Amino acid sequence: MAVYLYWNFGYNMDMYVIGLLIYFLVLVGLGIYLSRKNLDFDSYFYGRRKLGSFLIFFTVTASWFGAASTIATVEAAHKSGFQAVWLLGIPTVTTIIIFILLNKKIRETRFVSLPVLLEKYYGKVVSAFASFLIFIYMVLLAASQFVAWGKFVGGFLGQNYEITVITGAIVVIVYCYLGGYISIVLTDGVQFLLLSLSLIYLMIFFKNTAPLFKPADFDFFSNSEYHLLMTVSFTLAWVISPIIWQRIASAKSAKASKWGLFMSIAAFSILYFWVIRVGVYLRSIPGTTSGDIFGFVVENWLPAGGSLLVFLGIASAIMSTGDTAINIGALTLVKDVFQIKRNNKVVFYARIATFITGILAAVVALRFDSIIKTLGLASEIMAEGLFIPGMYLLFFKKKRPLAALLSLVLGGGFSILVFVNAYGLSLPLPQWPYSLPYGLALSLTGFIIGYILDKK
């Protein structure tokens with residue numbers, strides 16, 4: 001096999017260390033430079049709401065295309081071919097299409113944070129509960145990226161999982177702490193470029209390799225119940241997640257955010273197609289049957305320069321999602337949990353909140369070890385707890401506080417119970433994503449009962 005001949009290069013681990021150090025210095029340097037521009041709440045968390053369509057495109061695409069979109073999708077494609085598009089490809093594109101439709105309505109809310117919006121419609125109790133759920137979700141989302149960082153980067157550097165997670169968390173916390181949202185947006189541009197170049201390189205590298213397709217690879221309706229539930233879980237969670245709401249609100253106009261989202265759909269379609277093809281191509285390489293398939297190939301089969309490029313590309317994809325989750329977690333703490341109102345002190349507290357969120361995410365990552373499981377359970381919290389009350393306030397004017405409260409308590413409470421059960425309890429509860437219909441049914445039931453009582 002022609003591709004096999006590339007493995008004669010004698011890799012030096014110092015190459016990865018030096019590459020990471022340069023990459024870290026760029027990220028932290030941007031954070032230091034931009035720290036002087038963070039003067040108030042809007043600048044630290046929304047970049048003064050002046051982002052153009054290309055910056056929206058970069059930050060939406062890079063923040064969304066993280067560890068699960070790369071490492072987990074490659075492994076899924078290696079196993080089941082183009083069925084892997086169900087893992088995150090279909091939910092991602094579906095979510096962005098929904099946001100294009102909701103773009104104008106979200107802009108009209110003058111969005112600051114989701115709990116602030118919920119408080120206007122449902123009161124402080126609902127807002128407080130929502131703040132709790134959102135913060136948990138952001139910590140878990142960041143933790144899922146740190147899990148990927150610990151496994152992928154640790155495998156290359158020969159370091160144990162715990163040390164690698166802590167090192168990666170420190171770097172993310174530092175540049176998020178210093179530069180805030182605008183630092184994340186600009187570093188997203190760097191990270192998106194690295195990721196794109198690495199995937200293009202892989203496609204060129206494998207161009208003369210015959211992909212080993214199997215008939216089942218194109219059976220998109222195989223295991224349909226699992227795929228559909230997973231798609232619904234991710235889509236509902238991401239639609240109500242503040243991540244894209246923040247991006248839309250930070251754009252200088254509705255037109256800028258809309259075109260940024262359109263460009264992201266095109267980018268996602270290409271990126272997922274490339275990643276899935278790479279996963280199928282890896283079947284032709286001996287030794288890729290189990291474990292960290294992607295890491296094994298990058299480290300052992302690519303030339304030195306190509307290996308470093310792909311290593312940094314995947315590392316950047318992980319970072320670009322982790323930093324976003326930490327920033328939104330800090331926003332939730334400052335605005336909704338601590339409710340800091342002193343504008344001259346808000347940046348100080350925002351940085352403290354960034355530190356707290358990052359540390360908690362690292363602690364969770366040290367406890368959990370599955371990217372998709374952690375991400376899936378986190379999405380269930382948002383889908384079952386917040387989707388129904390959140391969508392109601394966008395389309396209806398009548399305030400129904402009891403409806404929202406019962407929906408949050410029943411749906412959100414069930415999702416937290418499922419999460420805890422997955423990591424320690426032994427209750428007879430269905431696991432994610434099969435637990436999703438039960439949680440959504442409870443959330444909807446609570447909302448209907450509360451709506452009727454509110455009306456009376």
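# Notebook: helix H14, its patch and its surroundings

H14 supplies the largest share of the nonpolar patch, eight residues. I note at the outset that the model is predicted.

**Entry 1. The patch.** I listed the members of this surface patch: Tyr177, Val337, Phe338, Phe348, Tyr349, Ile352, Phe355, Ile356, Ile359, Leu360 and Val363. Together they have about 920 Å² of accessible area. I then looked up Tyr177, which lies in helix H8. Its relative accessible area is 32%, so Tyr177 is classed as partly exposed. A residue must have over 30% to join a patch, and Tyr177 has 32%.

**Entry 2. The other residues of H14.** Which residues of H14 are buried? I found Val346, Val347, Ala350, Arg351, Ala353, Thr354, Thr357, Gly358, Ala361, Ala362, Val364 and Ala365. What do the buried residues of H14 pack against? Their partners are four helices: H2 (41-46), H7 (124-157), H8 (161-205) and H13 (304-337).

**Entry 3. Overall figures.** I counted secondary structure next: 18 helices and zero strands. For 456 residues, a compact globule would have a radius of gyration near 23 Å, and the protein has 22 Å, which agrees. Along the principal axes, the C-alpha atoms fill a box of roughly 75 × 50 × 45 Å. Buried residues make up 58% of the 456. I took the contacts between residues at least 6 apart in sequence, and 87% of these join residues at least 24 apart. The protein exposes about 18100 Å², of which carbon and sulfur atoms supply 68%.

**Entry 4. Ile184 in H8.** I returned to H8, where Ile184 is found. Is Ile184 buried or exposed? Its relative accessibility is 0%, so Ile184 counts as buried. Leaving aside neighbours within four places in sequence, I find Ile184 in contact with Cys176, Arg247, Asp323, Thr324 and Asn327. I also looked up Phe45, which is 139 residues from Ile184 along the chain. The C-alpha atoms of Ile184 and Phe45 are separated by 9.9 Å.

**Entry 5. H10.** How many of the residues of H10 are buried? Nine of the nine residues, 242-250, are buried, so H10 is largely enclosed by the rest of the structure.

**Entry 6. Ser320 in H13.** I looked up Ser320, which has its place in helix H13. With a relative accessible area of 1%, Ser320 is buried. Not counting residues up to four places away in sequence, Ser320 touches Ala62, Ser63, Phe65, Asp188 and Gln191.

**Entry 7. The salt bridge.** I searched the whole structure for salt bridges and found one. Which side chains meet in it? The pair is Asp42 and Arg49, at 3.2 Å, N to O. In general, side chains of opposite charge can pair when their charged atoms come close. Asp42 is partly exposed, at 28% relative accessibility. Arg49, by contrast, is buried, with a relative accessible area of 13%.

**Entry 8. Backbone exceptions.** Most residues other than glycine have a negative phi, and most peptide bonds are trans. I looked for departures from this. Arg49 has a phi near 55°, a positive value in a residue other than glycine. The residue is found in the loop between H2 and H3. Arg48 has its place in that loop too, with a positive phi of about 65° although it is not a glycine. Arg48 is partly exposed, with a relative accessible area of 42%.

Where is Pro433 found? I placed Pro433 in the loop between helix H17 (401-422) and helix H18 (436-455). The peptide bond from Trp432 to Pro433 is cis, with omega near 5°.

Key
Residues are numbered from 1 along each chain as its sequence is written. This is a predicted model: local features need pLDDT of at least 70, side-chain atom pairs count only at pLDDT 80 or more; totals for chains, interfaces and linings use all residues. Side-chain values use heavy atoms; hydrogens and water are left out. Buried means under 20% relative accessible area, exposed over 50%, partly exposed in between (1.4 Å probe, protein chains only). Helices (H or I, at least four residues) and strands (E, at least two) are DSSP runs, numbered from the N terminus. Contact means heavy atoms within 4.5 Å. Patches are made of residues with over 30% relative accessible area and no salt bridge: like charges are joined within 9 Å, nonpolar side chains (Val, Leu, Ile, Met, Phe, Trp, Tyr) within 5 Å. Accessible areas come from the Shrake-Rupley method with a 1.4 Å probe; for residues, only the protein chains shown count as cover. A salt bridge is a side-chain nitrogen of Lys or Arg within 4 Å of a carboxyl oxygen of Asp or Glu. The radius of gyration is taken over C-alpha atoms; the globule rule is 2.2 Å times the number of residues to the power 0.38.
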